[in-house]
Amino acid sequence: MNRQLLEKTASALVTPKKGILAADESTGSIKKRFDAINVESNPENNRLYRQLLFTTPQIEKFISGVIMFDETVRQTTDDGIPFPKYLQKRGIIPGIKVDKGLKDMANFPGEKIAEGIEGLRERLSEYSQMGLKFAKFRTLTMIGDNMPSDTCIESNSEVLARYAALCQEADIVPIVEPEIFMEGKHTMDQSRHVLQKVLKETFIALDKHKIYLKGMLLKSSWAHPGLDGLNKPDSKEIAKATLSVFKEILPDELPGVVFLSGGDSPEDSTSHLDALNEIHKGPWKLSFSFGRALQEPVLKTWLGKAENIKLAQEVFFKRAMLNSLARTGEYKKEMEGVQ
Ligand code: 13P
């Protein structure tokens, strides 16, 4: 394990004013996104869309890294440059999603277990040769009647820790993502409690597996009331509750946390990150690793048409810039015209 290299990559991913683009939708997820805009998902259309994102002029000002899916890391730009190499040349760190998705957990109806550990050492060795510098692995915790169970939280934490160990062995920075599902009617208190429990177990497992904390990142959900509940989430409340959990659980050595957007609108997601950074004093950097919150307006502008590419890139540039402002808590002030 090259600790220096891991540390350098992890801190570059959370470098000030920049964040990560999660463009790692699996074959099934990209199909869902394309269905919504009436575009057929096939390898060539997927490639054209990812090319639109990656070739956006000056996007490296706000994007430190991109998470890709296996199909994408094997594809090239129109000029034949492999995407990982192209991004690296632009100063953007190329990354890869390595989990193999979620399966129903036996004996725990409604709960999910993440797959992808089998054969991971071999896959990571290939990805490393392809120039990929970091990876992502996602588990999912559901909140509901009798959920989550301790067994599900502990099993998924163990999977995340084993993944992180294999990544660091291959000098690839692990992004550990114990997502908490935002859909449902749960309250802020329930969400805060589950976030605390999940992060606690995750860091116990990471410690047991001797993970080098300075050479990894956490990808987290916010403490956030369920999206199907009555109350619209308030960014200040989300920021306060999320930070209180982090202060209790997260070790100081962790370089940073990057957030997923989880189904909130792009504006709300930016606003939550902004509110967090407005009150946050460290030690960890708080950044973004948004999928939908960066891409939703881009997809709606593109609509699969070549003539819309330029405008869609401008939309992407703007969303990335606004999230960059949220990295320092300056988004709201900027929106209100305050200097
Ligand atoms: P969303 O921001 O759309 O939730 O996606 C981020 C992600 O990578 C989920 O695994």
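The second largest pocket is lined by K32, R33, A36, I37, R292, Q295, E296, L299 and K300. A pocket here is an open set of points on a 1 Å grid over the protein atoms alone, with protein on both sides within 12 Å along at least five of seven lines, and lining residues have an atom within 4 Å of a point. This is a predicted model, in which local features need pLDDT of at least 70 and side-chain atom pairs count only at pLDDT 80 or more, while totals for chains, interfaces and linings use all residues. Residues are numbered from 1 along each chain as its sequence is written, and side-chain values use heavy atoms, with hydrogens and water left out.

Helix α11 (292–302) supplies the largest share of this second lining, five residues. Helices are DSSP runs of H or I with at least four residues, strands are runs of E with at least two, and both are numbered from the N terminus.

Let's move to the largest pocket, with a volume of about 700 Å³, the volume being the space filled by probe spheres set on the grid points. Of its 32 lining residues, S29, R33, K97, K136 and R138 are the closest to its centre. Helix α2 gives the most to this lining, with four residues.

Now follow helix α8, residues 188–208, which reaches 30 Å from its first C-alpha to its last. After α8 comes K210, with a positive phi near 60°.

Key. Expected span 1.5 Å × (residues − 1). 1 Å grid on protein atoms, 1.4 Å probe; cavity = no way out; pocket = protein on both sides within 12 Å on 5 of 7 lines; lining within 4 Å.
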